[in-house]
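Subject: A structure for you to look at

Hi there,

Here is the structure I promised to pass on. Please open it alongside this email and have a look around before reading further.

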Amino acid sequence: MDTHDQQWNLENGLLSKGPSSSLDGDTLHWTSRSADWLSVLRKILVNLREVVLGTKLCILFLAIPLAILAEHYNFGKPWLFTLSLLGLAPLAERVSFLTEQIAHYTGATVGGLLNATCGNATELIIAILALYRQKICVLKYSLLGSILSNLLLVLGSSLLCGGLANLNKEQQFDTNQADVNVLLLSLGMLCHTMPLLFQYGSEPGISAARSSLVLSRTSSIVMLAAYAAYIFFHLRTHKHFFNGQQEDHERSYNLDEERPVIGLWSAFSWLVGMTIAIALLSEYVVGTIEAASSSWGISVGFLSIILLPIVGNAAEHAGAVIFAFRNKLDLSLGVALGSATQISMFVVPLCVIWAWIIGMDMDLQLGILEVGSLVLSVITLAFTLQNGTSHYLKGIILLLIYTVISTCFLVQQFPHK
């Protein structure tokens with residue numbers, strides 16, 4: 001075998017071991033290492049192209065190093081808050097993309113649960129950091145805002161866009177999964193309402209704080225038990241309720257993305273790295289939200305309930321709207337309602353229980369405006385989804401309700417107060 005044949009076999013992985021001169025062995029060893037490095041470099045470039053440059057929000061990735069520089073050189077907390085918020089948007093969207101890539105290897109059911117869980121990674125990390133910083137109001141507001149955003153903004157945009165894209169035919173969806181999610185959201189609504197009613201129902205002059213805390217912790221255990229029952233119901237006993245959603249999900253993978261563009265372990269590595277980046281930027285956001293509120297003259301409630309969830313729900317928002325455009329409302333409902341249900345019935349009570357474990361007092365009590373917004377949103381949602389059909393007017397109404405609620409929180413607290 002001449003040198004040319006050896007080189008060709010080396011580059012194509014077909015080189016057989018055999019006696020060769022010391023010089024040829026060294027040369028081939030160096031060439032083999034160069035080929036390995038080139039292969040690794042090629043894979044890295046492909047991953048960068050698909051993961052970082054594969055989104056229209058890729059320009060916002062520049063906000064991540066800028067946020068780190070703003071923290072290091074003390075540019076000012078409002079600047080740090082703004083850059084961190086901008087950096088979270090593409091990270092949240094890419095986390096959804098990576099979980100979809102992993103779903104190609106794990107299947108649609110596991111992939112759907114993973115997508116719902118990682119889709120709420122931003123909210124969960126912000127909640128954990130706010131809890132450790134003892135910013136209970138920011139924690140409650142951000143989680144409430146995530147529920148309202150999914151129920152009104154994400155679902156409303158999906159129904160509006162789906163209705164406009166399918167004007168000549170009536171959009172229909174399976175009411176089974178909608179009914180199950182509305183029931184769980186109703187239980188969460190009840191558990192948030194009772195502490196407020198308990199406070200106003202107590203005798204004058206008697207503090208109800210301790211009793212409200214016990215009620216909230218008991219309710220949180222009930223909510224976690226209900227969510228565990230829902231997972232068992234979804235995956236084991238009543239799979240047929242969600243078969244239409246799962247089949248649509250699998251067809252969308254087969255039609256739109258015939259095969260994954262990156263490997264399983266590459267996707268998992270990117271997912272871990274982006275989760276770390278989300279944790280870093282979330283730390284900046286939680287630490288600077290009061291300074292940004294004071295600087296901009298906007299209440300912390302508006303920033304936490306409206307602004308943060310819009311960024312955190314970027315992935316769900318984009319995915320739900322795309323599915324609605326393709327007349328796959330079951331998937332849109334699965335994304336929006338599944339995320340809202342997971343926040344309400346899993347993340348919120350988990351934070352209460354975890355605060356209890358670490359010796360902090362956190363309850364489920366919210367203000368009248370917050371509880372009223374949640375109650376009216378869930379009731380409106382139940383009426384919207386009761387007949388299994390959809391049109392663009394339903395989406396418009398949900399978006400207008402979200403606009404009114406957003407305005408309430410915007411004017412709730414004036415800067416001088």
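This is a predicted model: local features need pLDDT of at least 70, side-chain atom pairs count only at pLDDT 80 or more; totals for chains, interfaces and linings use all residues.

Residues are numbered from 1 along each chain as its sequence is written, and side-chain values use heavy atoms, with hydrogens and water left out. Helices are DSSP runs (H or I, at least four residues), numbered from the N terminus.

**Two helix pairs**

Start with helix 4 (residues 77-106) and helix 11 (residues 264-296), whose axes are 7 Å apart and which pack at an angle of about 155°. Axes here are lines fitted to C-alpha atoms, for helices over the stretch in contact, and angles run from 0 to 180 degrees between N-to-C directions. Nonpolar covers Ala, Val, Leu, Ile, Met, Phe, Trp, Tyr, Cys and Pro; charged covers Asp, Glu, Lys and Arg; the others, Gly among them, are polar.

Next, helix 9 (residues 209-237) and helix 14 (residues 329-357) have axes that come within 8 Å and cross at roughly 135°, so helix 9 and helix 14 are oblique to each other. Residues of helix 9 that meet helix 14 (contact means heavy atoms within 4.5 Å) include Ser216, Arg217 and Tyr227, and those on the helix 14 side include Phe346, Pro349 and Trp356. This contact has twelve nonpolar residues, five polar and one charged.

**A covered helix**

Helix 12 (residues 300-312) is mostly covered, with ten of its 13 residues buried. Buried means under 20% relative accessible area, exposed over 50%, and partly exposed in between (1.4 Å probe, protein chains only). Among the buried residues are Phe302, Leu303, Ile305 and Pro309.

**Two loop residues**

Most residues other than glycine have a negative phi. Asn74 is not a glycine, yet has a positive phi of about 55°. Asn74 sits in the loop between helix 3 (63-72) and helix 4, and is exposed, with a relative accessible area of 66%. Gln134, also not a glycine, has a positive phi of about 60°. Gln134 lies in the loop between helix 6 (121-132) and helix 7 (136-165) and is exposed, at 59% relative accessible area.

Enjoy exploring!

Best wishes

Technical notes: Angles under 35 degrees count as roughly parallel, over 145 as roughly antiparallel, 65 to 115 as roughly perpendicular and the rest as oblique.
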